[in-house]
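Have the viewer open as you go.

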Amino acid sequence: MRNTLRMVFAASALIVPALLFGGASAQDARGILQAADKAVGASKVNSMEFTGKGRYSYPGQNFTVNDDWNRVDLQSYVLSIDYPSKSYKEEQVRVQGNNPRIGGGAGFPIVGEQRASAMASGNYAWTVNAQGQPQAQNDQAETRQLFAAVSPYGFIKAAMADPNASISDREFVGTGRTVKVVSFTTMGKWRATGEFNDQNMLERVVTWIPSPMMGDMQVEIRYSDWRDVGNGIKAPYHIHMHQGDHPLVRGMNQLDVQATDVKVNVQNASLTVPDAVRTAQAPRVNVMTTKLADGVWLLAGGSHNSVAVEFKDFAAII
């Protein structure tokens, strides 16, 4: 009986501090988020429009796993977000520039200009074809809402909305530099972390998005060159993004844009969902299985094919 009481007391001693520290962590996270809000004026921002030039790379279009994604120039880049209406719009004009073609699939090198767009409003997402007609992509709505949530002001807003947001320190060994790392969950399942420097400026965001090529694909976004844009609000004039980084391969550069102009609280940032998108049916995907050998199956029919391999105690999907 005495041993049982000792075990119960020991377990209680472990649980109570854990609960206390959890609460303290949430309070500390809110403190750094409030300081970050004061530093950049996130709570004053209802919408933003980031305009610039730079480069874009196509995830998966590399020659070997050690090569970077195939790169082209961005002649124009415009990112618009309206936070109250959950509207997101990204427009790109891509040109080949002086970038060599290394690997890649059809469509390289780019001839003339290639226009790409990605829009979302709430649970709806779409693009626009060459004829100006909306094309439903509603399966991408959550991912685009996530990108809005990890945008410069969106991160602070979304993290403050999570009562379980936590904080930790990240030390850069050998430099004596430490940043505060805030972690939060948005939309009930999407996890993101953000690093804040000693000026309470958001420097780096890491999250994960679904990818038919890589499964859960890591996304890293770096914000720098913060400048005053009026009314006590600061905006990053440089955005650099990685997609698909992995411990076994090099960092994969996906986007690098230097702003020519950043506006906040712009007019007409809220998007209206086209009727064709609102009523669109989800595309049906029929997965066909073909036995290649004993315990080896080809799963085909979607945008990417897979191979299932049966082992004694488990199965692996390649």
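## Ground rules

This is a predicted model, so a bit of care: local features need pLDDT of at least 70 and side-chain atom pairs count only at pLDDT 80 or more, while totals for chains, interfaces and linings use all residues. Residues are numbered from 1 along each chain as its sequence is written, and side-chain values use heavy atoms, with hydrogens and water left out.

## The chain overall

You're looking at four helices and 17 strands; these are DSSP runs, numbered from the N terminus, with helices being H or I of at least four residues and strands E of at least two. Of the 318 residues, 39% are buried, where buried means under 20% relative accessible area, exposed over 50%, and partly exposed in between (1.4 Å probe, protein chains only).

Take contacts (heavy atoms within 4.5 Å) between residues at least 6 apart in sequence: 51% of them join residues at least 24 apart.

## The core

A nonpolar core here is a set of buried Ala, Val, Leu, Ile, Met, Phe, Trp, Tyr and Cys residues joined through side-chain atoms within 4.5 Å. The largest one has 59 residues, and those with the most contacts inside it include Val40, Phe50, Phe147 and Ile221. Helix H1 (residues 2–40) gives the most to this core, with six residues. Apart from it lies another core of five residues, including Trp126 and Leu271.

## Helix H2

Helix H2 (residues 141–149) is largely enclosed by the rest of the structure, because eight of its nine residues are buried. Among them are Arg144, Gln145 and Phe147. Leaving aside neighbours within four places in sequence, Phe147 is in contact with Tyr88, Ile209, Val219, Ile221, Met241 and Gln243.

Strands pair if DSSP finds at least two bridges between them. S1 (residues 47–58) and S2 (residues 70–82) run antiparallel, joined by 11 bridges; Arg55 has Asp73 in S2 as its bridge partner.

S2 also runs antiparallel to S3 (residues 87–95), with nine bridges, and Ser76 stands opposite Val93 in S3. S2 and S3 form a hairpin with four residues between them, and Lys86 in the turn has a positive phi of about 55°.

## Asp228

Is Asp228 buried or exposed? At 58% relative accessibility, Asp228 counts as exposed. This residue sits in strand S11 (residues 215–230). Asp228 is 188 residues from Val40 in sequence, yet their C-alpha atoms are 8.5 Å apart in space.
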